[in-house]
Amino acid sequence: MSENTSSPGHFFVYKCLFALTFWNHVSLSVENKLLTPSNNFSEDGFDQKIKSLPLLYTNRHQSKSSFDWVVIQNTTESLSLSEITNGNVKKLVALLSNFKQGSKLQNLTLTNVSVDWRALMEIFQTVWHSSIEYFNVNRVTQLSDIKKYDFDYSHTSMKALTVKKIRITALYFIQDHIYRIFADMNIADMTIAESEMIHMLCPSSVSPFRHLNFLKNELTDLLFQKCDNLIQLETLILQRNKFESLLKVSFMTSRMKSLKYLDMSNNLLSYDGADARCQWAASLTELDLSSNQLADAVFECLPVNIRKLDLQNNQISSVPKGMADLKSLEELNLASNRLADLPGCSGFTSLQFLNTEMNSILTPSADFFQSCPRVRELQAGHNPFKCSCELQDFIRLERQSGGKLFGWPSAYTCEYPEGLRGTELKDFHLSELACNTTLLLVTALLLTLVLVAVVAFLCIYLDVPWYVRMTWQWTQTKRRAWHNHPGEQETVLQFHAFISYSERDALWVKNELIPNLEKGEGCVQLCQHERNFIPGKSIVENIINCIEKSYKSIFVLSPNFVQSEWCHYELYFAHHKLFSENSNSLILILLEPIPPYVIPARYHKLKALMAKRTYLEWPKERSKRALFWANLRAAININLPFSDENRCGETD
């Protein structure tokens, strides 16, 4: 290695992109690097490389320990520099000072900048008075000694500034000293992203900002409230911040007279239908509210002139009729919400594109295209379609729509019933007899008139089926109780039964189940979580403990039950005990009918139990309840070794 490269010294690497235009208009791109002494190039080799380029000039110090900047003022259009520190910032400023207004340099990118506040401002000030129009700064750290800086914005060529990943190490400083510098910049386009910025000031005077991008910061509802100086702003991106109030966001935009596009996606926005009315900018035509916490009330707080609206990935269950009158709306995205049906177009008379993918639509309305005649494309795939007669009308509608269903047929498959799961809707067919209710009823009546009359008489007046079913259940319960041998468990069992129920069914349990079992005949001791869960233990531990100490487990089944996560736990542990001990320890009480398709997929054990095991059904008629309580008592028929301190009717 030559003597030149062994000398100490440290420089940062920069790249120059040169566009050299010759008389024959041929463009040549050249990349040069100023090398540190550790690189495997001698100074003579580097100098020879520069000399080999036409129309290039380099001025090099005579010192053998360093290289000077390569400056090609009339041909450089883009410049990219990295590893900027306080030690070399003066060289950077000297370099940029060569690119006066009128030079060809238009694009400057600085990466990995570790300087104090004043040095950064000197870089910005030099750029502001140069020929540079587009300035990008990536990864700025170690900003210390932050003080007020009198920035000169005059006589600039700047059009756009992009700053990403600013990390400030100073602990105590006046934040306005930073925000004021950026708020008053006289450029059209500014981006400050991924910088944990918590606020931004309103410009001191009418601002030329047309595009602002504050992606992935920590901004809140306080941003730009009562700000009158952003009247030229057209695009505002506030994605991935900490906004919570949609009402305050609307107030923020109300003074932005030119705003057309607003991105508020991936925030924490909600709207509860407050008394105050939302006030949006009248010029706003495109709004992105995706990935927030908005519910049905959001349709009370939308810009009246909006044309494109994105509400995907929220908590919307329906589009209330008469709530929104968006006559200019052309495109609406409601994907990944909780819709149970396709929305109508009574409030969206100009709607052309609608997306309702990945909702909870079982049977879409067949009259959708009649209520929405202007819709050109409907995306309704990836919903849990229930393939039934009602869905046949929607399938026929697709054939008549002329290809308006986006993603047909692959995105449209049956989810219910289970036997048809995965079947594409285009391949689903039912006979006319199966779907024509009138024809089916007439045929059935003609063939079974006498039988139906007899069965109807018995069902209405004698209620034979109900009594037969309850008698059979009672007989089976007595037989199982007779074959049980609980003697081995008498030393550990403390309760006759553990009760599992949803809090929404607590009234029935406290007013009906517990009084009839504990205060009636038979002296039944029940384990209830409100009375017998031990404070200090986890809920799961209490559940297991109560189930293990109980002879039986009573499950009060209803639509509320299958929506409770803790009921799911209790059912799981009781089911585990059923197989591990090979015992008949489960008692199922059907308080309210549960349609099979309402039971979540995680309740497969409950589906299996209800299909294979006998359950007690709570009768609505009072005359039948005595037999119900007799059956239930027979299912809990066991003598427990209670001590004097734990007698029947006392709590554990």
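Helices (H or I, at least four residues) and strands (E, at least two) are DSSP runs, numbered from the N terminus. The model is predicted, and local features need pLDDT of at least 70, side-chain atom pairs count only at pLDDT 80 or more, and totals for chains, interfaces and linings use all residues. Residues are numbered from 1 along each chain as its sequence is written, and side-chain values use heavy atoms, with hydrogens and water left out.

Val450 lies in helix H10 (residues 437-462). Its relative accessibility is 64%, so Val450 counts as exposed. Here exposed means over 50% relative accessible area, buried under 20%, and partly exposed in between (1.4 Å probe, protein chains only). Together with Leu441, Leu445 and Leu449, Val450 makes a nonpolar surface patch of about 420 Å². Patches are made of residues with over 30% relative accessible area and no salt bridge; like charges are joined within 9 Å, and nonpolar side chains (Val, Leu, Ile, Met, Phe, Trp, Tyr) within 5 Å. Accessible areas come from the Shrake-Rupley method with a 1.4 Å probe, and for residues only the protein chains shown count as cover.

A positive surface patch is formed by Arg139, Lys164, Lys165, Arg167, Lys216 and Arg240. Lys and Arg count as positive, Asp and Glu as negative; His and the chain ends are not counted. The place of a charge is taken as NZ of Lys, CZ of Arg, CG of Asp or CD of Glu. Lys216 is partly exposed, because its relative accessibility is 46%.

The structure holds twelve salt bridges. Each is a side-chain nitrogen of Lys or Arg within 4 Å of a carboxyl oxygen of Asp or Glu. One of them pairs Lys159 with Glu133, with the closest N and O atoms 3.5 Å apart. This pair links distant parts of the chain, 26 residues apart. Lys159 is in the loop between strand S5 (134-141) and strand S6 (160-166), and Glu133 is in the loop between helix H4 (117-128) and S5. Lys159 is partly exposed at 41% relative accessibility, whereas Glu133 is buried at 16%.

Arg255 forms a salt bridge with Asp228, where the closest N and O atoms are 3.0 Å apart. Arg255 is partly exposed, with a relative accessible area of 30%. Asp228 is also partly exposed, at 43%.

Glu621 pairs with Lys624 in a further salt bridge, the closest N and O atoms being 3.5 Å apart. Glu621 is partly exposed at 40% relative accessible area, but Lys624 is buried at 7%. Salt bridges also link Glu424, Lys426 and Asp427 in a network.

Helix H3 (residues 89-96) has Val89, Leu92, Val93, Leu95 and Leu96 as its buried residues. Seen down the axis of H3, these residues fall within an arc of 160°, so they line one face of the helix. The arc is that of the directions from the helix axis to the C-beta atoms. An α-helix has 3.6 residues a turn, so residues three or four places apart point the same way.

Gln379 belongs to strand S15 (residues 377-379). At 18% relative accessibility, Gln379 is buried. Gln379 and Leu354 are 25 residues apart in sequence, and their C-alpha atoms are 6.2 Å apart in space.
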